[in-house]
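Reader: Can you take me through the salt bridges and a helix packing in this one? Put the model up before we start.

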Amino acid sequence: MNRSPAGLRLIAIMEASKGTIALLISLGLHELMGQNLQQLAEKLIDHLHLNPASYYPGHLLQALADINNTKLIIVTIAALLYSVIRFVEAYGLWHQYRWTEWLALVSSVVYLPFELYELYQKVTLLSSLLLMINTLVVIYLATVLNKART
């Protein structure tokens, strides 16, 4: 079948972008290992002249108090694995490998219930845009895969 790779390449670029962001997050988290995150946040809050007892800074400090190196390692590894999956998917879509088209379809469909729930909780421009983009990706991939079957 002669398929136009433009749509698949656009999705590949999106997946590579997600992989890059996840990789940067994992590297940033790795850099924070062994440091007192609550103390770093207190310095940042002080530098920004925020009140540490106010709502958001207070919640941030409380959340960071519960984070230890083990939890940080787990999140770092998860972000790294997520980035590897996104890069593999991007590579496969760029080269039009059928199995990565299926992987992309499944991984896109998995997010739909969460995006719908987020939109149900509060309608925002970002949540609406993400749902719209992901729905278009699902429809496009399903169409590509359906055409390949016939």
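Reader: Is Lys18 buried or partly exposed?
Author: Lys18 is partly exposed, because its relative accessibility is 30% (buried is under 20% relative accessible area, exposed over 50%, partly exposed in between, with a 1.4 Å probe and protein chains only). This is a predicted model, in which local features need pLDDT of at least 70 and side-chain atom pairs count only at pLDDT 80 or more, while totals for chains, interfaces and linings use all residues. Residues are numbered from 1 along each chain as its sequence is written, and side-chain values use heavy atoms, without hydrogens and water.

Reader: Which residue does Lys18 form a salt bridge with?
Author: Glu15, with the closest N and O atoms 3.1 Å apart. A salt bridge here is a side-chain nitrogen of Lys or Arg within 4 Å of a carboxyl oxygen of Asp or Glu. Glu15 counts as buried, because its relative accessibility is 2%.

Reader: Where do Glu15 and Lys18 lie?
Author: Both are in helix H1, residues 6-32, three residues apart, which is about one turn of the helix. Helices are DSSP runs of H or I with at least four residues, numbered from the N terminus.

Reader: How many salt bridges in total?
Author: The count is four. One of them joins the side chains of Arg86 and Glu89, at 2.6 Å from N to O. Both residues are buried and sit in helix H4, residues 69-94.

Reader: Which residues are linked in a network?
Author: Glu15, Lys18, Arg86 and Glu89, through salt bridges.

Reader: And what does Arg98 meet?
Author: The side chain of Arg98 meets that of Glu101 in a salt bridge, 2.5 Å from N to O. Both lie in helix H5, residues 98-121, three residues apart. Glu101 is buried at 0% relative accessible area, whereas Arg98 is partly exposed at 32%.

Reader: Switching topic. At what angle do H2 and H3 pack?
Author: About 160°, with the axes of H2 (residues 37-47) and H3 (residues 55-65) 8 Å apart. Axes are lines fitted to C-alpha atoms over the stretch in contact, and angles run from 0 to 180 degrees between N-to-C directions. H2 is therefore roughly antiparallel to H3 (the term applies to angles over 145 degrees).

Reader: Which residues in H2 and H3 meet?
Author: Leu37, Gln38, Ala41, Glu42 and Ile45 in H2 meet Pro57, Leu60, Leu61, Leu64 and Ala65 in H3, contact being heavy atoms within 4.5 Å.

Note on methods. Helices (H or I, at least four residues) and strands (E, at least two) are DSSP runs, numbered from the N terminus. Angles under 35 degrees count as roughly parallel, over 145 as roughly antiparallel, 65 to 115 as roughly perpendicular and the rest as oblique.
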